[in-house]
Amino acid sequence: MNASTLRRIALALAAPTIAAVVAIAISSIVLEVSGSDSIETFKTMLENGTKLESMIDTLNRATPLYLAAVAAAIGFRMNLFNIGVEGQYILAGFAAAVVGSKVGLPGPLHVAVIIFTAMFVGAAWSGLAGLLKVTRGVNEVISTIMLNFIAVGALVAGLLPRFIDDPTAANQGTPQIAESGWLPNLNGFVEIFTREITKGRHLTGVFVLAIVIGIIYHVIINRSRFGFDVRASGMNPTAARAGGVPPKRMVLIAMIAGGAVAGLVGMPEILSDNHSYDQGFIQGLGFAGIAVALLGRNTAPGMAIAAILFGFLDSSAAILQVSSLASSEIVVIMQATILLVAVVVYEVVNRIKQRDEVRRAAQMAQAAA
Amino acid sequence: MTAAIELVGITKRFPGVIANDNVNLRVELGEIHAICGENGAGKSTLMKILYGMQRADEGTMSIHGEEIHFSSPTDAIAAGIGMVHQHFMLAEQMTVLDNVILGSEPTKFGGRIDFEEAEKHIREVGEAYGLKVDPNDLVETLEVGERQRVEIIKVLYRGAKILILDEPTAVLVPQEVEELFRNLRELQASGATIIFIDHKLQEVLEISDRITVIRRGKTVTTVDADSVTASDLAELMVGSELPSPETGDSTVTDEVALSVTNLTVLDDDRRPAVDNVSLQVRRGEVLGIAGIEGNGQTELIDAIIGTAHISTGIIKLADEDITKAPVRHRRESGLGYVPQDRHQEGLLLDAALWENAALGHQTVAPFSHGFWLDRTGARGRTEEIRTDFDVRTPSVEVTARGLSGGNQQKLIIGREMAASPTVLIAAHPTRGIDVGAQADVWNQIREARSLGLATLLISADLDELIGLSDTIVVMFHGRLVATLDPAEVNPRTLGSYMTGAASQAEHADQVGGEAQ
């Protein structure tokens, strides 16, 4: 192994390592300033996080985050800022819950109908923004933000009362989906390798779906012609266009594909937890997903690590509150710090890499001449 | 008398290219001095050095006889140098006043902006130099010429005594050019020194006192504007020595590979950029298009490639009408393309070389196989290109950014040639690359021509046009104004057609591959 290979490996490892060290340092300062014992806090987080039940919790939180990240990343890969994952998944979750409660079908088919509905609604809602961009030149950032408001504030808020199961209930929601439309949890599978999972924790079956989506995303982006067109459009739209990539069609397909994946974000809730859409339906995953996509550099493995990290931090919030070591908001500060530091460090490392490459190619050219 | 600006031995290197090679420039106090040269000759690098945006590797710079070193444009502004950029840097929703004072606002007590003082100052500047603009107008309501005046006031407001104007006429219509020239003369009369960068020869001759010509990074000479003609300048810009006409016999056949009929393309302002152009390129023929930049060549290329909206006309590839076909279909049908700006249109700078080699050919073997990318095939083909076209790189995995300009260009030529196109659109194929790489590229085009390739060559380098073309047509103001035989033409006559001094306009509509 020669020096330049070593240097490249060191550079690749440097970014995440430096980001982690700086983020921990800044978080420690915040903890100390706010009067908490930073070492004790980190220790508690780690001890708690390595318990089996906490790990299940982490994965449950990471699953929808990952799906939201992939949904956003599809657009990001071609410089298309789909900020609408939030509205897409909430509308899709609502529609899927309504359809799921209305139909009665045998097991796998029932689940398939729910998933299909969610993907279809997400894709249609996102496709609307794509259509606006292609036909009227509307910037997708603006249209997706507007569509978020329309989806959550108008459509779901307006339609939910029509489908309410029990008007007297404190938390009003759609009727519960019949058991044939539930996705089995993965506890049985996990327990083969570990001990019995206690405290009523269940690893959502959607976890498998997220892995499958991640693999499909990775393969399509890196190995297919379509993925090449997506990456080319993202890196240099003018060159891509001259190279025969149809810009409008790419925008439409990317928005629709992103929306379809966004539709899956609410599935753990619908298929595994509540089996209905109610007023407590989880919100904010769309925006958290954007952060995860950013941290994971829009790559499938990167986003997986980022989603698990964010999931772990989210699940630590509860234990911090209970142990009264630190305020649970410290977790949000940590997430933000990691993101910020990572973005800066990646950029710095990237520049060093580029300079290296230019120098190497120049040396080659000189040697040859 | 000391010069306003004196540059001695300025040299600036980029990886693989020398942008400025021992450039000397002396601008006298109070003169309008034009810097003339083709794009890629090194004018903009020189101006960036002068304005503190880049640092020279060698050489000295002095202003009013005093040696200086700029590390940023702020230093240059402090030394009384102002730059009027080609692309305006104005906030459209703000008024002229806001735009002018932006970044150097006069303040009164309490840090509030002193608008009265600012307006007074702007009116003073406007009156002193004869630049009429109402400070309270919104910039978005202004015409292009007026916006340019705002840019000029902006630098004068900051106390500039030496103005650099970077291709100021590129965006103007003729009346606005006249107005600009009137303004510049008034500025000169009030004691300003003006450096005027351009490649439109007539304009340069009209406005400037002296002209410095730059060619391939070197200063050729400085001449008095009164003592030269446009043709003299053209000769200086592109080099006077005629290359020995191509040996090898003509390989032109009767088969038409590309035909363009009555093509009109409108620009953003709905003015015809390409005006009723017809041409034919046959198998084995190189049709050269000569012309000063900005006369419709870019729009013509874009229309043929399929990225520009065609107003009227028909484009045919062999017998197939491709007027409405998408870019991808055109590329798959055998249309190769070497773009004029490789960074903007030709490369994915942050992608590996093998991915760059696939760009434009990603739908066909060996780059893909149905839905899937064929990474092994693509790498294999890229290795072939690397060997056959002498692309100097450590491996095909490095990013395109790592290569020098010449090697990037060889990669582009290689990827287009390796796809065995039937028609090649080559726009300035040797711009900004070193002499060795240039000769390689020429040989590649000659070889492909002998195998039946039809080439449309757009170039500003007359050596290149005369040496490679079977026929040369001249484009001026969006029209084809002359068809010439490269064996008989010389840069002087070519120059007079390019500048519009001479024309065969009556034949303009029928000019085609056949020499008349």
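Two strands pair if DSSP finds at least two bridges between them, and strands here are DSSP runs of E with at least two residues, while helices are runs of H or I with at least four, both numbered from the N terminus. This is a predicted model, in which local features need pLDDT of at least 70, side-chain atom pairs count only at pLDDT 80 or more, and totals for chains, interfaces and linings use all residues. Residues are numbered from 1 along each chain as its sequence is written, with chains lettered from A and ligands numbered from 1 in the order in which they are written.

Figure 1. Let's start with Ser259(B), whose bridge partner in S14(B) is Gln280(B). Strand S13 (residues 256-266) of chain B is joined to S14(B) by 7 bridges, and the two run antiparallel. Together S13(B) and S14(B) make a hairpin with 5 residues between them. In that turn, look for Arg270(B), which has a positive phi of about 65°. Zoom out a bit and you get an open, antiparallel sheet of 4 strands in the order S14-S13-S16-S17 (chain B). Its edge strands, each pairing on one side only, are S14 (272-282) and S17 (320-321) of chain B. H9(B) packs on this sheet and touches S13, S14 and strand S16 (312-317) of chain B (contact puts C-beta atoms, placed from the backbone, within 7 Å). The direction of H9(B) makes about 60° with that of S14(B); axes are lines fitted to C-alpha atoms, for helices over the stretch in contact, and angles run from 0 to 180 degrees between N-to-C directions.

Figure 2. For a parallel pair, find strand S15 (residues 286-290) and strand S23 (residues 471-476) of chain B, linked over 4 bridges. Within that pair, Ala290(B) stands opposite Val474(B) in S23(B).

Figure 3. Domain bounds come from an automatic or database domain assignment, and for chain B that gives domain 1 (5-238), domain 2 (245-334 + 455-516) and domain 3 (335-419). The centres of domain 2 and domain 3 of chain B, taken over C-alpha atoms, are 27 Å apart. Their contact takes 9 residues from domain 2 of chain B and 6 residues from domain 3 of chain B. On the domain 2 side, helix H9 (297-305) and helix H10 (327-332) of chain B each supply at least two residues. H10(B) gives the most to that side, with 4 residues.

Figure 4. Helix H14 of chain A has 24 residues and reaches 35 Å from its first C-alpha to its last, close to the 34 Å expected at 1.5 Å a residue (that is 1.5 Å times one less than its number of residues). Just after H14(A) comes Ser324(A), with a positive phi of about 50°.

**Figure 5. Where chain A meets chain B.** How many residues of chain A are in contact with chain B? There are 23, and they touch 36 residues of chain B. Helix H9 (225-235), helix H10 (237-242) and helix H15 (330-368) are the elements that give two or more residues to the chain A side. The largest share, 9 residues, comes from H15(A). By class, the chain A side has 12 nonpolar, 6 polar and 5 charged residues. (Ala, Val, Leu, Ile, Met, Phe, Trp, Tyr, Cys and Pro count as nonpolar, Asp, Glu, Lys and Arg as charged, and the others, Gly among them, as polar.)

Technical notes:
Two residues are in contact if their C-beta atoms, placed from the backbone, lie within 7 Å.
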